[in-house]
Amino acid sequence: DVFTSLNTAGCSEITVVWVNRNVAVETPIHLLFVTDSEDQASFSQHRTLVVAETGASVSLIEEYTGTGKYFTNAVTEIHLRENASLKHTRLQQESQQSFHIGKTAISQARDSRYTINEINFGAKLSRHNPEVWQQGEHTETNLNGLTVATGEQVADTHSIIALTKPQGTTDQLHKCIVSDRAHTVFNGKVFVPKTAQLTDASQLNRNLLLSSKARVDTKPELQITADNVKCSHGATVSQLEPEEIFYLRSRGLSEADSSQLLIDAFAAEIIDRIPVKFLRDKITQTVVEKINN
């Protein structure tokens, strides 16, 4: 795509994470990308390469933040060799005046395992394109996402998952909390060709609207030509239920606390999957602050 080509042509620095064969990295690796553009607008292009060789395992945190007006165009390439494992947390909390375009391209060999926990809070306009290519049998992929959009934010997620070999599995759950005049978009595509027999693929997008002027566009897709698979997909759009708020208020909670408790429970299904405790606590607190501001 055009933004990946622009990053390839213009990036000046590359971050490389290379895990050797059969090495287990116990401590998470935290990559923090900070942009400071208080004085004038700027344009930054980050490129990250992650390679986990056969039998390796690693946990990676990829975080984007900054101040001022700027445009971030980030690309992350991930290559998992046979029986490699990666737990990937991607946290995007850019300045509310910024623009963020990100792509994560994942290539998985036989018996490899990849999990991403994607959290999107920041940027005036943001878009993330995770693209997964299962290139070996018995491959496992899990995509978990949470987007919280307020004000007039626009946040897009466009994912592609291609299962090209037999007995691959993928599970995708993406949640959006949308308030004020914000707008979120989810478009997830799962490809299951004839060569991907005995695969198990599930995809679900759940959305919570907190305002009558908030907007959600959702389009989960399955393209299946194999005849021996187990696949499902769906999408839901809902609001806070008055009956649930009434029940909590009858137990002594205020209306504001009741609403926040339900919002926290909605987000917790994704947040609780993040393997690092300090990040779970930080993200939970950010959800509360963002909704109440």
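So, where does Phe3 fall: buried, exposed or partly exposed? With a relative accessible area of 33%, Phe3 is partly exposed; buried means under 20%, exposed over 50%, and partly exposed is in between, using a 1.4 Å probe and protein chains only.

Quick housekeeping. This is a predicted model, where local features need pLDDT of at least 70 and side-chain atom pairs pLDDT 80 or more, while totals for chains, interfaces and linings use all residues. Residues are numbered from 1 along each chain as its sequence is written, and side-chain values use heavy atoms, leaving out hydrogens and water.

Okay, rings. Searching the whole structure turns up three aromatic pairs. Rings of Phe, Tyr and Trp (its six-membered ring) pair if their centres lie within 6.5 Å; planes under 30 degrees apart are stacked, over 60 edge-to-face, the rest tilted.

Phe3 pairs with Phe71: the planes sit at 85 degrees and the centres 6.2 Å apart, so we call that one edge-to-face. It's a link between distant parts of the chain, with Phe3 in helix α1 (residues 2–10) and Phe71 in strand β3 (residues 57–80), 68 residues apart. Helices (H or I, at least four residues) and strands (E, at least two) are DSSP runs, numbered from the N terminus. Phe71 is partly exposed too, at 24%.

Next, Phe33 and Tyr64 are stacked, with 4.9 Å between centres and 15 degrees between planes. Phe33 is in strand β2 (residues 29–52) and Tyr64 in strand β3, 31 residues apart. Both Phe33 and Tyr64 are buried.

Finally, back to Phe3: ring pairs join Phe3, Phe43 and Phe71 in a cluster.
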